[in-house]
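Hi,

Here is the structure I promised to pass on. Have a look, then read my notes below.

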Amino acid sequence: MNIMTDIESIKEKVSDNQRLDADDAMVLFDQAELLQLADLAGQRRRDLHPEPVVTFVSDRNINYTNVCASGCKFCAFFRPPGHPEGYVIKNSDLDKKIEETIALGGTQILLQGGMHPDLDLNYYIHLLQHIKNKFKIHIHGFSPTEIAFLADLSSISIEQVLSTLIEAGLDSIPGGGAEILVDEIRNKISPNKCSAGKWLDVMKQAHLLGLKTTATMMFGHIEENKHIIEHFLKLRKLQDETGGFTAFIPWTFQPDNTKIDVRPSTAVEYLRVLAISRLVLDNIPNIQVSWVTQGAKIAQLGLAFGANDFGSTMIEENVVAAAGVNFRLPRSEIIRLIENAGYKSLQRDCFYNVIE
């Protein structure tokens, strides 16, 4: 089969709203032109979202600790246990951050920490109960790697940890810690973190318990295109089983201040992966741009490459900032960028319900 036939057969599949396989995805990586990808991903986006609408959520990332025993080579934010710069957030500081978030129209917080060996399950129960007792706000918190670590630390099952956290007030789970869901890659960049299979199992258990979650991918470090495709297919397979993923968010590795010395991914590489994710992940309803790593203009362009969500206003973000990337976008600018790209902007909640 020649190159043109390969691309033509994929175009026919997309036009007929058929599922793409691993070989199709590799052809897109290797052979499709950038604007071809935009056209195909745009078709798939319109099949899923016929209305010219782009959503966003108003929230804040709160890092309840920066102490982490994982020691991932790509992370510039963490401090190892016992480090003088390590912290666990005080309730008074937490309250202030949440009060500011609500005052700015925020509807949710993303609680993000690390694998802290001294924080047991009771800490998380009290943290969630403290927030829910004081504030009416959605808690999107604790990545699968944090939950898997907590299960090991507590010598109980993942299902027990999740059930306990849900009862204490957890509303949904972010897709952090996925990086690339291939152990060959994980063992090199984050050897102390849970396996790809364990990450997927946490998400499966969460979905079965009724929690919605997001899915992510951090690329542009030591992976190859075949690993990205494997990541997509593992997410798609789980979504076929559970339907629990609300959105997929790919972002590029930021190498500054980390232990992985590679050139940063280009905007073109980001847009190609974004488009292919929309084409392959046909059962995950929403694809989100990453203005935090790409900046406003490339994120806006991402709306032409299959994305239908602008992500979060991110009143606060520290992890990517630690790698030297400090893009900031107020709510008004997100709305302007969406509308200047020809879409109607709508604020949503974590479940993609529109907030009037």
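This is a predicted model: local features need pLDDT of at least 70, side-chain atom pairs count only at pLDDT 80 or more; totals for chains, interfaces and linings use all residues.

Now step back into α4 itself. The helix runs over residues 91-103, which makes 13 residues. From first C-alpha to last, α4 reaches 18 Å, close to the 18 Å expected at 1.5 Å a residue.

Which residues of α4 are buried? They are Leu94, Asp95, Lys97, Ile98 and Thr101. Seen down the axis of α4, the buried residues fall within an arc of 165°, so they line one face of the helix. An α-helix has 3.6 residues a turn, so residues three or four places apart point the same way. On the other side of α4, Ser92, Lys96 and Ala103 are exposed. The cover over the buried residues of α4 includes β2 (59-63), β3 (108-112) and α5 (121-134).

Next, the whole chain. The protein chain has 14 helices and ten strands. Its radius of gyration is 20 Å, close to the 21 Å that the globule rule gives for 356 residues, so the chain is as compact as a globular protein of that length. The C-alpha trace spans about 60 × 45 × 40 Å along its principal axes. Of the 356 residues, 56% count as buried.

Last, the cysteines. Cys194 counts as buried, at 14% relative accessibility. Cys350 is buried too, with a relative accessible area of 7%. With a cut-off of 2.5 Å between cysteine sulfur atoms, the count of disulfides comes to zero.

Best wishes

Note on methods: Residues are numbered from 1 along each chain as its sequence is written. Side-chain values use heavy atoms; hydrogens and water are left out. Buried means under 20% relative accessible area, exposed over 50%, partly exposed in between (1.4 Å probe, protein chains only). Helices (H or I, at least four residues) and strands (E, at least two) are DSSP runs, numbered from the N terminus. The expected span of a helix is 1.5 Å times one less than its number of residues. The arc is that of the directions from the helix axis to the C-beta atoms. Contact means heavy atoms within 4.5 Å. The radius of gyration is taken over C-alpha atoms; the globule rule is 2.2 Å times the number of residues to the power 0.38.
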